[in-house]
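Subject: Structure handover

Hello,

Here is the structure you asked to look at.

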Amino acid sequence: MSDSSIAEHADLGDFKTLEQFILETQSEYEHSSGSFSRLLRDMSVAAKIVNRDMRRAGLLDIYGQTGITNVQGEVQKKMDALAHKEFVLALRRGGECCLIGSEEHAEAIPIDASSESDGHYIVLMDPLDGSSNIDVNVSVGTIFSIYRIPDDVPPEEATLDDALQPGTDQVAAGYIVYGSSTMLVYTTGHGVNGFTLDPSIGEFLLSHRNLQTPDRGSICSINSGNYHAFDQGLRDYLNWLQEYDENDPNRPAKTRYIGSFVSDFHRNMLMGGIYMYPSTQGNPDGKLRLMYEANPMAFLIEQAGGKATNGKTRIMELEPESLHQRTPLFIGSPDMVDRAHAFLQGNAPQQRTS
Ligand code: AFP
């Protein structure tokens, strides 16, 4: 890169801050009163704090486990607990949210609405997804989903039942990926926009406007260690992806699996690909959580032109039954999700045997 182009790229005057963007676009949102904008700001403040701690993780005593097993039966990492605490604190301080559901907490957490705000929002989140990667310095993320409580429910009376809405009712969803740079990506149902954190000024700046995922790509993200526990249809699809076809530039597909859903999703959305966490013989519901992993990412990928299903049904149309329920997930470029479906249903094109 020449000196002049570096100077060009360093001119931050061209970039909008997240706050400016939220204010400019808040009129697109039907309940626009400023409350939702403040909620997003609260999320972004927590993201910056988590980012700061994560960047110093090897220097502070935040590697390793807390010794607690969370509601999923998974060992809680210190960073899981810290991220949960920071997001809850920011939302509590902000007063725009009346209920929080978190992977790190068995029950929904009620928040007292402050007198100045109406606090009509529910935030469901995985504060730190992919946390088993933290100690080895691999990208992780935060995933969130935002709902409104029904108009006839006073914020102080909101309960988990008010949070158990299908994904189609989400008013916003997003994620933060703490990677080689830190990005916040979100949608309110009007496209997907991505903001990169400039640590020198402490602001998220609009860097990826109106993200669209390619119709198809060459990336397949799946834990193939579970291959022998997959359904035959899925195995056939994986085998098909690995075949060479001179007329198909996307095959053989590349296998890329970080084991950190946010990071795998982010890469695939930008480059074209499919992420799959299917049901297996031992785990018929897969591993990922509907309310704060599958639904928000389904909202994002659909807004980016992609698809998300559980192998049979569109993710966002599933009727939730509990906060921590799991679902199989097939998500990514639309043609690839369609093709996976065809294989799962046994309607796929004849496979070559040689
Ligand atoms: P952790 O947060 O416990 O690391 O789980 C991460 C995750 O929910 C998702 O981010 C990964 O894609 C998936 O699990 C990895 O699971 P496997 O290790 O079973 O492939």
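The shell around the ligand holds five nonpolar, six polar and four charged residues (Ala, Val, Leu, Ile, Met, Phe, Trp, Tyr, Cys and Pro count as nonpolar, Asp, Glu, Lys and Arg as charged, and the others, Gly among them, as polar). This is a predicted model, in which local features need pLDDT of at least 70 and side-chain atom pairs pLDDT 80 or more, while totals for chains, interfaces and linings use all residues. Residues are numbered from 1 along each chain as its sequence is written, and side-chain values use heavy atoms, without hydrogens and water.

Of the 15 residues around the ligand, those that come nearest are Ser132, Tyr257, Phe261, Tyr275 and Tyr277 (a residue is near if one of its heavy atoms lies within 4 Å of the molecule). Domain 1 (9–208) and domain 2 (219–344) both give residues to this shell, so the ligand lies between them; the domain bounds come from an automatic or database domain assignment.

The protein covers 84% of the 490 Å² of accessible area that the ligand has on its own (Shrake-Rupley method, 1.4 Å probe).

Regards
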